[in-house]
Amino acid sequence: MIVRFKKTKPEVVLPSYESKGASGMDVRAFLPEGPVVIPGGEWRLIPTGLCAEIPYGYEIQVRPRSGLAYRNGITCLNTPGTIDSDYRGEIKVNLINHSKEDFVVEDGLRIAQLVVAKVEMVEILLSEDLDETERGEGGFGSTGVK
């Protein structure tokens, strides 16, 4: 499969798989005006300088980088974020700082990973009832913890 990316400026770095078995492509912050500070407990929308042409029937999921989350408490606010196949604008990452310390996002920092995923379009059908299951309406925590 091919996903075409467009750079908003020539110096933007394309996403890349950082290991042979990586599921996600790392994407970098594009901050030509300088670093962005994310104070503890706050979030910022970080530009990547990239636009994508995603094939119909697929999406790109924006996911956190585990190292940033573990070492710095930095993650994506709406995880996974979805980039729809018909969106052609710049990809931006909504980063949140769960730590108590300020976090500085520098230009070129790998801030998230992009995963291409198949999406099934369904037919929506109104129904008066649904098939019964053993779980039924059991919701949050209803299946236990062990």
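Predicted model: local features only at pLDDT ≥ 70, side-chain atom pairs only at ≥ 80, totals over all residues.
# Sheets, loops and a pocket

Visitor: How far apart in space are V115 and P80, C-alpha to C-alpha?
Guide: V115 belongs to strand β11, residues 110-118. Along the sequence, 35 residues separate V115 from P80. From C-alpha to C-alpha, the distance in space is 9.4 Å.

Visitor: Does V115 count as buried or exposed?
Guide: The relative accessibility of V115 is 10%. The cut-off for burial is under 20%, so a residue below that value is put in the buried class. V115 therefore counts as buried.

Visitor: Which residue in β8 stands opposite I60?
Guide: Strand β6 covers residues 58-63 and runs antiparallel to β8. Three bridges join β6 and β8. Opposite I60, the residue in β8 is I83.

Visitor: What is the bridge partner of I46 in β9?
Guide: An open, antiparallel sheet of three strands has the order β4-β9-β7. Its edge strands are β4 and β7 (74-76), each pairing on one side only. β4 and β9 are paired over five bridges. In β9, the partner of I46 is V93.

Visitor: Which backbone nitrogen does the side chain of T48 reach?
Guide: T48 sits in the loop between β4 (43-47) and β5 (50-53). At 1% relative accessibility, T48 counts as buried. Its side chain comes to 3.2 Å from a backbone nitrogen, that of L50.

Visitor: What separation is there between the C-alpha atoms of S23 and V116?
Guide: S23 is in the loop between β1 (4-7) and β2. With a relative accessibility of 56%, S23 counts as exposed. S23 and V116 are 93 residues apart along the chain, and their C-alpha atoms are separated by 8.5 Å.

Visitor: Which residues lie nearest the centre of the largest pocket?
Guide: The lining of this pocket has 14 residues. β8 (81-83) and β9 (92-97) each supply at least two residues of it. Nearest the centre are V62, N78, T82, I83 and K92.

Visitor: How many charged residues has the lining of the largest pocket, by class?
Guide: The space in this pocket is about 220 Å³. Seven of the lining residues are nonpolar and four are polar. The number of charged residues is three.

Notes
Residues numbered from 1 in each chain as written. Heavy atoms only, no water. 1 Å grid on protein atoms, 1.4 Å probe; cavity = no way out; pocket = protein on both sides within 12 Å on 5 of 7 lines; lining within 4 Å. Points joined across faces, edges and corners; volume = space filled by probe spheres on them. Helix = DSSP H or I, 4+ residues; strand = E, 2+ residues; numbered from the N terminus. Nonpolar A, V, L, I, M, F, W, Y, C, P; charged D, E, K, R; others polar. Pairing = 2+ DSSP bridges. Buried < 20%, exposed > 50% of the residue type's maximum accessible area, 1.4 Å probe, protein only. Polar contact = N/O pair within 3.5 Å; in protein donor to acceptor, adjacent residues only side chain to side chain.
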